[in-house]
Amino acid sequence: MIDFSNLLDNLLLNSSKKKKIDFLSDYFQSQTQQNKIWALSILSKSFVNKLVKVKDIKELLKGKVDEDLFLYSYDYVGDLAETFSLLWPKDNSKIINSQSLSSFMSSLEKQTSKDDLIIFLTNHFSTCLPNEIYTTIKILLGGLRVGVSNELLKESLSKIGSRSKEEIEENWYGFSFPYNGFFEWLNGESLPKQFNSKDLFHSFMLSNPFNENLIKKIEIKNYTCEYKWDGIRGQITVSKNGKIYSRNGEDITSSFPELKIKSDKVSVLDGELVVKKENTIFSFNELQKRIGRKKVSKKILSDLPVHFICYDILFFNNLDVRKLPFFERRVFLQNYIKKLNHPNISISPLINFVSWSELRSIKENSFNNHIEGIMLKNKNSIYKSGRPALCWYKWKRDPFLEDFIIMYAQRGHGKRSSFYSDFTFGCWIENKINTLVPIGKAYSGFTNDELKKLDKWVRDNTLERFGPVRSVKPGLVVEIAFDNLNFSNRHKSGIALRFPRINRIRWDKPIEEVCILDDIKKLIN
Amino acid sequence: MKNWLIKKKSGLFCEPGNFYIDPIRPVDSALITHAHTDHARPNNKKILATKETINIMKIRYQDNYCKTKQQIKYGEKININGVHVKFVPAGHIIGSAQILLEYKGEKVIVSGDYKRRYDKTCQPFEINKCDTFITEATFALPVFNHPNDKIEVKKIIDSIKGNSDQVHLIGVYALGKCQRLICLLRDLGFDETIYLHGALLKISNYYETEEIDLGSLKNVTEIKDFKGGELVLCPPSALHDRWSQKFKNVIKGFVSGWMTIRQRIKQKNINLPIVISDHADWNELIDTVKEVSPENVLVTHGREEALLSFLKKKGYNCGSLNLLGFEDEDD
Ligand SMILES: [Zn+2]
Ligand SMILES: [Zn+2]
């Protein structure tokens, strides 16, 4: 297991992509088959433990480490796994160095109840080094945060065998734990017999953000324009089984049964899932009520019917059209949707325009609770996963800007773990001397210097501490940028902001000048 | 501690002796525990310190190091207006001392910075009994258990062997850590020339005059092309500034007790963390307090809360002596 711990540390401490790939491919080349499959499962985030949670891990230290000392340490270190690993009482005589990742993971998998797992962990921690304790907790609680995306993993795997990154990409979603035949296939053998290539998820083609400099660089007549719908990206696989996948390739068919379509011929559609009823598209909040359901009741199906707005087509009746240019795929898409004639599926219409200024006004006037801006797509671009350059651009509407007051602060994660960097902000409920109501949370948008200043401000103005969270004296105003807002009965304030982030810190602005809740509600159209 | 040792704006002040200990701004009379810049500052009128501390202050501050100086040997007793003063080794860096004060039968020890591990470059910490012990608390959290320094130093040697195409740029505190690290490397048989940033060279040359053999050292400026495999030491602040950009294919290391914590390592963009500290770790702090067995403990200089909470539970009469102006040394 120490090899895997070392791998994680090397990945954490080396931010260069090349170095990370070297470490990963070295690991995969030097390890046993069993270690490889577990490492792959953990690094690709497909291994998930549901038995123990953060509080169970904390519980393990009770009676072993003084509670105050734990809190002081946790506050300083900022990461539970690391604090735990450094505090767990060491007994050098019991430490065993020889356990492999696979033997550890398979014993871990044998623990079927929480109680068994806790006993198992207590024994395990007493026999291993702090680094291994750290790794174990990271594996159990998830969130390795070592900067390894599945893309990077695929690229590293392309270095150890005879398969290109594209080939790996194409078949990636057809393999799952214990990855039978995967490493053999990487080495040039054919795909395993049971491999199902029909229902495979295909990684999405994504867009790059548009910036004004591109106006001089790209030829406007080569691009088409359509709206950027504010739902969730999805992929419909029409096949013998019929599947719907999320942006990460997760099978979400059971949440959206109205879009499951079976056919002997395979077709794959790329589009946006939205809730639409009687020609009205609902806000993202309504869509959220449909996400993550295993079963969908009749009532929900009729109250919040889901609709798929198609952007693109990847396979047309068994024909792979991804290498065709966008405008040709569009013809296939139109034909397909017309024949399909499905009440819950339509095409994202192209918007006519002749000039940049016209485009800009389309973008700014697209204000609507289900449109985020516009998409520009190169007519000649093939369908390629990832974010290929010069192909697709998203041009978002300028965000809303409003001032709010910081109410709570929480320590950040990863690099920022010793700083208070996540903030809950709010505004006045009625008039400016009474109480504040929280509106949202924001954690991005400032430089390291600002982060340090904010951190200091939080420490100097703390009212109360609740674990990693501190409530602070109302006193600091921040300008929040957000893309959209909607009514929401899940929030105390009754409204929900989309993608709030701190735009600037208004060190000088008095809190009395911040607006009241009703002013914010008026922004919703 | 009665009222004869008090906290003032300029630092810890001994009323009957009319002197400060490690003052943060210039005063008439100062006792200096050791030559680190947050303890030994320039422009005091009169200083009392060990020979090594005074010599290093002279190298650092030149004419401003003080107006008049008085040397004191370890173990030597001096009477200042009825206060008996004695300096004993603190094991922190060359010339570092704990200061023992005795006034009207009451004994106080100001520990300064200290460590308990073996260090070839200085005399080991000496236990002395007292009524009040003023201890530092730089690493006063139970997460700090400094590992064996030989194992840590070997990581540098192994990394150089395994990555012979890369320059190893290692951040070390200029005074103490740098020379201790070099001695440890030499003891493990590392005989190559070590390249030093100018800021480290002056102090290292001084160590050699004190007959501490550091082997072959060269100023970084003496070499134009680094082929890879060289070991370069620099102050921590230089690791990421413009100076360090001249090294192309580089592994960056940092030798410090802080390197225990992954997120600290990550924040500082370090690839090769080496945990060697010139301060006592958690267990050493506690053991030291036990051995000194004072009636009162005052904690300063670091993470005081955790140590205070622990000592209180153990029945010590203790408090925090919040002295300003002391930074985390290795930062
Ligand atoms: Zn020091
Ligand atoms: Zn110090």
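**Reading the interface of chain A and chain B**

Modeller: In this predicted model, 26 residues of chain A are in contact (heavy atoms within 4.5 Å) with 26 residues of chain B. Residues are numbered from 1 along each chain as its sequence is written, and chains are lettered from A in the order in which they are written. Local features need pLDDT of at least 70, side-chain atom pairs count only at pLDDT 80 or more, and totals for chains, interfaces and linings use all residues, while side-chain values use heavy atoms, with hydrogens and water left out.

Colleague: What area is buried between chain A and chain B?

Modeller: The size of an interface is often given as the accessible area lost when the parts come together. Here the buried area (accessible area, 1.4 Å probe, lost on being put together and summed over both parts) is about 2,300 Å², and carbon and sulfur atoms give 55% of this.

Colleague: How many salt bridges does the rule find across the interface of chain A and chain B?

Modeller: Side chains of opposite charge can pair when their charged atoms come close. With a salt bridge taken as a side-chain nitrogen of Lys or Arg within 4 Å of a carboxyl oxygen of Asp or Glu, the interface has 4. One salt bridge joins A:Asp66 to B:Lys313, with the closest N and O atoms 2.7 Å apart.

Colleague: Which elements give two or more residues to the side of chain A that touches chain B?

Modeller: Helices are DSSP runs of H or I with at least four residues, and strands are runs of E with at least two, numbered from the N terminus. The elements are helix 1 (2-13), helix 5 (67-77), helix 6 (80-87) and helix 9 (130-141) of chain A. Helix 5 of chain A gives the most, with 6 residues.

Colleague: How many salt bridges are there over all chains?

Modeller: The count comes to 49. In chain A, the side chains of A:Glu212 and A:Arg360 meet in a salt bridge at 2.7 Å, N to O. This pair links distant parts of the chain, 148 residues apart: A:Glu212 is in the loop between strand 1 (208-209) and helix 13 (214-217), and A:Arg360 is in helix 17 (residues 356-364).

Colleague: Which backbone feature is found at A:Pro178, and which at A:Glu278?

Modeller: The peptide bond from A:Phe177 to A:Pro178 is cis, with omega near 5°. A:Pro178 lies in the loop between helix 11 (165-171) and helix 12 (182-186) of chain A. A:Glu278 has a positive phi of about 45° although it is not a glycine, and A:Glu278 is located in the loop between strand 5 (267-277) and strand 6 (280-281) of chain A.

Notes
Buried area = accessible area lost by both parts, 1.4 Å probe.
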